[in-house]
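Open the model in your viewer and keep the selection tool at hand. The stops below each name what to select and then say what is there.

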Amino acid sequence: MTTQAPPTIVPGHPQTPALQAARLVLSRDLRLAFRRPGELVQPLIFFAIVATLFPLAITPEKSQLVVVAPGVVWVAALLASLLALEFLYRDDAHDGSLEQFALSGQSLTGLLLAKSLGHWLLTGAPLAIMGPFAAWTFGAPVSALPAVFISVLIGSIALSLLGSIGAALTLGVRRSGVLLSVLNLPFTVPVLIFGARATQQAIQGIDFIPAVQLLGAMAILGITLAPLAAAAAVRISLE
Amino acid sequence: MTGRVREFMSNRVLAGEGLHLWRGDRHILRGVSLELRGGQILQLTGSNGAGKTTLLRALCGLAYLEEGKVFWCGENVRDNLHGFHADLAYVGHEPPLKADLTPRENLRYWVGMRRALTAAQIDSALDEVAADEWRERPVRTLSAGQRRRVALAGLTLMGVPLWMLDEPTTNLDTAGQSLVTRMLEAHVARGGLAVVAVHHELGISSAVTLHRMVLAS
């Protein structure tokens with residue numbers, strides 16, 4: 001028998017290691033995002049618009065703006081992150097990529113964790129950079145800005161991961177935007193409360209670390225449990 | 001070595017026993033049973049809505065069966081779903097390609113997720129399906145037939161023993177259809193198995209064991 005060019009069927013075929021597979025999913029998502037810069041900047045522009053409208057609607061007086069700054073930064077960040085969640089699985093579900101993930105022989109949980117990480121890098125991390133800037137324009141002292149950065153950075157991890165459950169659950173629903181927001185509300189409210197609290201304490205010069213630690217706990221909860229739930233929801237949607 | 005591999009492969013068996021599946025109040029799969037060994041092709045035909053795709057998805061483990069079990073090499077696939085999927089390649093109605101990536105990039109991610117790949121292997125698989133300059137263009141700009149060819153290239157690259165194909169010849173020209181036939185023949189000659197849902201008879205040469213199953217609606 002002549003040996004043909006690869007690929008041939010080999011028993012016990014060597015598989016891509018799980019970490020490498022997750023890295024491929026992440027690099028794929030980043031590459032795809034940069035091919036569509038419009039979708040990429042959409043949540044960031046949304047955040048900027050919300051943050052700009054508040055001073056116009058309330059008052060340009062900085063002494064009053066600094067009081068609402070934590071709330072504005074966090075509500076805007078939360079909504080922007082929610083806006084981007086709608087795209088998390090949508091395209092992959094349409095073109096059959098999610099199906100191939102589920103049939104890849106790799107852990108679907110691991111692949112979805114990589115997707116959530118990509119979502120956070122593309123929305124959460126940029127929002128963490130924009131957050132302190134918005135707080136500063138609202139009159140927050142420069143000394144408080146690192147705390148705003150850290151709290152949004154950690155809080156957005158929790159938002160991306162806990163939000164992925166809702167995104168997976170609404171995969172079969174047409175025009176799922178509103179349902180997704182409602183489903184995610186119970187997960188996002190604690191993040192909003194402690195995130196805004198940390199920012200407020202930092203602006204007032206009080207110790208903000210405990211609130212950030214709680215945000216960190218929620219992020220860890222998200223990293224460990226959300227991909228499992230999302231994977232189960234994705235499997236149901238594929239049926 | 002080749003002989004031993006072939007022997008190993010022909011031991012591979014896909015079996016389904018009394019598969020039942022409901023969609024709402026429609027009883028789609030009504031006690032389907034099948035057995036397929038290495039070197040055999042199962043051709044699924046049936047009118048639209050007869051349950052060809054549903055059966056393929058149930059065999060893959062994507063759809064949950066109300067009753068019945070699927071066995072791969074004697075083992076219930078639900079007991080080791082990851083192991084089963086590592087041996088399985090499923091290509092559905094639509095080629096699972098990202099519109100914004102080129103065929104090369106698509107294969108790198110889609111197949112690379114499963115097995116280590118070199119750029120040369122991807123190129124030779126694309127050569128096999130007669131992809132010329134369009135392998136550098138985003139999939140968005142390709143015709144349906146060209147996308148189908150990219151999916152076929154991915155299929156060969158996976159190097160897995162079990163193929164499940166849903167309408168693999170859709171949108172292909174005559175040359176493309178005979179390419180599918182050649183690929184299937186080469187696959188089973190290596191000891192692979194294939195379950196293929198089609199509307200028209202596959203033009204497989206008589207040397208290959210072709211089983212036929214007609215699903216009634």
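Select helix α3 (residues 62-85) and helix α6 (residues 108-137) of chain A: their axes come within 10 Å and cross at roughly 160°. Axes here are lines fitted to C-alpha atoms, for helices over the stretch in contact, and angles run from 0 to 180 degrees between N-to-C directions. The two helices α3(A) and α6(A) are therefore roughly antiparallel; angles under 35 degrees count as roughly parallel, over 145 as roughly antiparallel, 65 to 115 as roughly perpendicular and the rest as oblique. The crossing of α3(A) past α6(A) is right-handed, the term for a near helix turned clockwise from the far one by less than a right angle, with anticlockwise giving left-handed.

Now show the side chains between them. On α3(A) the contact is made by A69(A), V73(A), A77(A), A80(A), S81(A) and A84(A), and on α6(A) by H119(A), T123(A), G124(A), L127(A), G131(A), A134(A) and A135(A). Residues are in contact if their C-beta atoms, placed from the backbone, lie within 7 Å. Sorted by class, the contact of α3(A) with α6(A) holds eight nonpolar, five polar and no charged residues. Ala, Val, Leu, Ile, Met, Phe, Trp, Tyr, Cys and Pro count as nonpolar, Asp, Glu, Lys and Arg as charged, and the others, Gly among them, as polar.

The model is predicted: local features need pLDDT of at least 70, side-chain atom pairs count only at pLDDT 80 or more, and totals for chains, interfaces and linings use all residues. Residues are numbered from 1 along each chain as its sequence is written, while chains are lettered from A and ligands numbered from 1 in the order in which they are written.

Zoom out to the whole of chain A. Its secondary structure comes to nine helices and zero strands; helices (H or I, at least four residues) and strands (E, at least two) are DSSP runs, numbered from the N terminus. Along the principal axes, the C-alpha atoms of chain A fill a box of roughly 85 × 35 × 30 Å. Of its 239 residues, 49% count as buried. A residue is buried if 20 or more other C-beta atoms lie within 10 Å of its own, exposed if 12 or fewer, and partly exposed in between, with C-beta atoms placed from the backbone. Of the contacts in chain A between residues at least 6 apart in sequence, 79% join residues at least 24 apart.

Move to chain B and select β2, β1, β4 and β5. In that order they form an open sheet of four strands with antiparallel pairing; two strands pair if DSSP finds at least two bridges between them. At the edges stand β2 and β5 of chain B, each with a single partner strand, so one side of each has no neighbour in the sheet. Helix α2 (residues 52-60) of chain B packs on this sheet and touches β1, β2 and β4 of chain B, its direction making about 60° with that of β2(B).

Pick β1 (residues 13-23) and β2 (residues 26-37) of chain B, which pair over nine bridges in the antiparallel sense. Along this pair, V13(B) stands opposite R37(B), and L19(B) has V32(B) as its bridge partner. The two strands β1(B) and β2(B) form a hairpin with two residues between them, and G24(B) in the turn has a positive phi of about 65°. On to β4(B), which β1(B) meets over five antiparallel bridges, with W72(B) as the bridge partner of L14(B).

Stay on β1 of chain B and select E17(B). Buried or partly exposed, what is E17(B)? E17(B) counts as partly exposed because it has 15 C-beta neighbours inside 10 Å. Beyond four places in sequence, E17(B) is in contact with S33(B), G68(B) and K69(B). E17(B) and K69(B) lie 52 residues apart in sequence, yet 5.5 Å apart in space, C-alpha to C-alpha.

Next, select C73(B), in the loop between β4 (67-72) and β5 (75-76) of chain B. C73(B) is not a glycine, but has a positive phi of about 55°.

Terms used. Two residues are in contact if their C-beta atoms, placed from the backbone, lie within 7 Å.
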